[in-house]
Amino acid sequence: MVTVRLYVEGGGDSKRLKTQCRRGFRKFIEKAGLQGRMPRIVACGGRQRAYDSFATALDAGTSTPMLLVDAERRVTDSSAWEHLRKRDGWSRPGRAHENQCHLMVQVMESWFLADRGTLKAFYGPGFHEESLPSDPSIERIVKADVLDGLARATRKTSKGPYDKGPTSFDILAEVDPSKVERSAPHAKRFLDTLRAGSQG
C-alpha cells in the first residue's frame, strides 16, 4: 500500500506546536470520511520548509507526497502550481502531478468562516459573529480581513482575541469539513483528492 505523506504549512518551530498542528489536520481529515485512509501528516512550520520537504520526498520516491500551503491571496489560476510559481517563485518539481499540490484559500483560517457555529461554541460568551466578514464565498475574502475579523469577533471572549498558534489548530480540529467544502472549492479539491487515493 502506498504511503501518502501530507506536507503542511504550520506548526512553527516548536515540537509542541507541530504536534498540535498534526492533530488539528488529522481530526479535520478524519471527519471528512477518511478514517482508515489517512495520510501521514508532516507539520513543516513555514511554507518554504513545506515546499522543500515535499520536493525532497518526491525525489526520494519512497512515498506519495502531497503539499498543502496557504494561498496567501486570491487564486486566479486553474493550476495550484502556477499560483505558487507566481506568488512564491516555486517551480513545479519535474515529477510532481497537479493533484499533489493543494491550497488553503486564502489562508487556513478562511476555513473557519464556513463553520460559524463551531466558532461560536468554541469561544462562548462574548463572541461577536457580526464582526466576521460576511461574504459566503470565503475564498474571496482577503487574508487581512479574515484575520482581523476573527480578532474582532473574539476580543471580548474569555479566550481573548484570536491569534495564530495552538488555538488555530484546536479550532481546525472542531470545524465541520462538509461546511468547509461547500464554501471553499479548493478545500473540496483537496479532500476529494485524498478520497480518490491521492494518486497521480
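The side chain of E72 makes a polar contact with the side chain of K143 at 2.6 Å; a polar contact is a pair of N or O atoms within 3.5 Å, where within protein one must be able to donate a hydrogen and the other to accept it, and residues adjacent in sequence count only if both atoms are side-chain atoms. Before we go on, please note that this is a predicted model, in which local features need pLDDT of at least 70 and side-chain atom pairs count only at pLDDT 80 or more, while totals for chains, interfaces and linings use all residues. Residues are numbered from 1 along each chain as its sequence is written, and side-chain values use heavy atoms, with hydrogens and water left out.

Let us stay with E72. This residue is found in the loop between strand 3 and helix 3; helices (H or I, at least four residues) and strands (E, at least two) are DSSP runs, numbered from the N terminus. Leaving aside neighbours within four places in sequence, E72 is in contact (heavy atoms within 4.5 Å) with E9, R47, R87, Q106 and K143. E72 has a positive phi of about 75 degrees although it is not a glycine. Q106, one of the contacts of E72, sits in the loop between strand 4 (101-104) and helix 4. The peptide bond that leads from V105 to Q106 is cis, with omega near -5 degrees. For context, most residues other than glycine have a negative phi, and most peptide bonds are trans.

Buried means under 20% relative accessible area, exposed over 50% and partly exposed in between, with a 1.4 Å probe and protein chains only.

| Residue | Relative accessible area | State |
|---|---|---|
| E72 | 16% | buried |
| S79 | 16% | buried |
| I141 | 6% | buried |

S79 lies in the loop between strand 3 (64-70) and helix 3 (80-88), and its side chain reaches the backbone nitrogen of E82 at 3.1 Å. I141 belongs to the loop between helix 5 (116-123) and helix 6 (143-154). Apart from neighbours within four places in sequence, I141 is in contact with Q106, L113, P133, D135 and V146.

Now to the nonpolar interior. A nonpolar core is a set of buried Ala, Val, Leu, Ile, Met, Phe, Trp, Tyr and Cys residues joined through side-chain atoms within 4.5 Å. Of the 42 residues in the largest nonpolar core, F25, W111, F112 and F190 touch the most other members. Helix 1 (residues 15-34) gives the largest share of this core, seven residues. Another core, of 19 residues, lies apart from it and includes A50, Y51, A57 and C101.

Finally, the second largest pocket has a volume of about 170 Å³. On a 1 Å grid over the protein atoms alone, a pocket is an open set of points where a 1.4 Å probe fits, with protein on both sides within 12 Å along at least five of seven lines, and lining residues have an atom within 4 Å of a point. Grid points are joined across faces, edges and corners, and the volume is the space filled by probe spheres set on the points. Of its 13 lining residues, E9, G10, G11, K164 and F169 are the closest to the centre.
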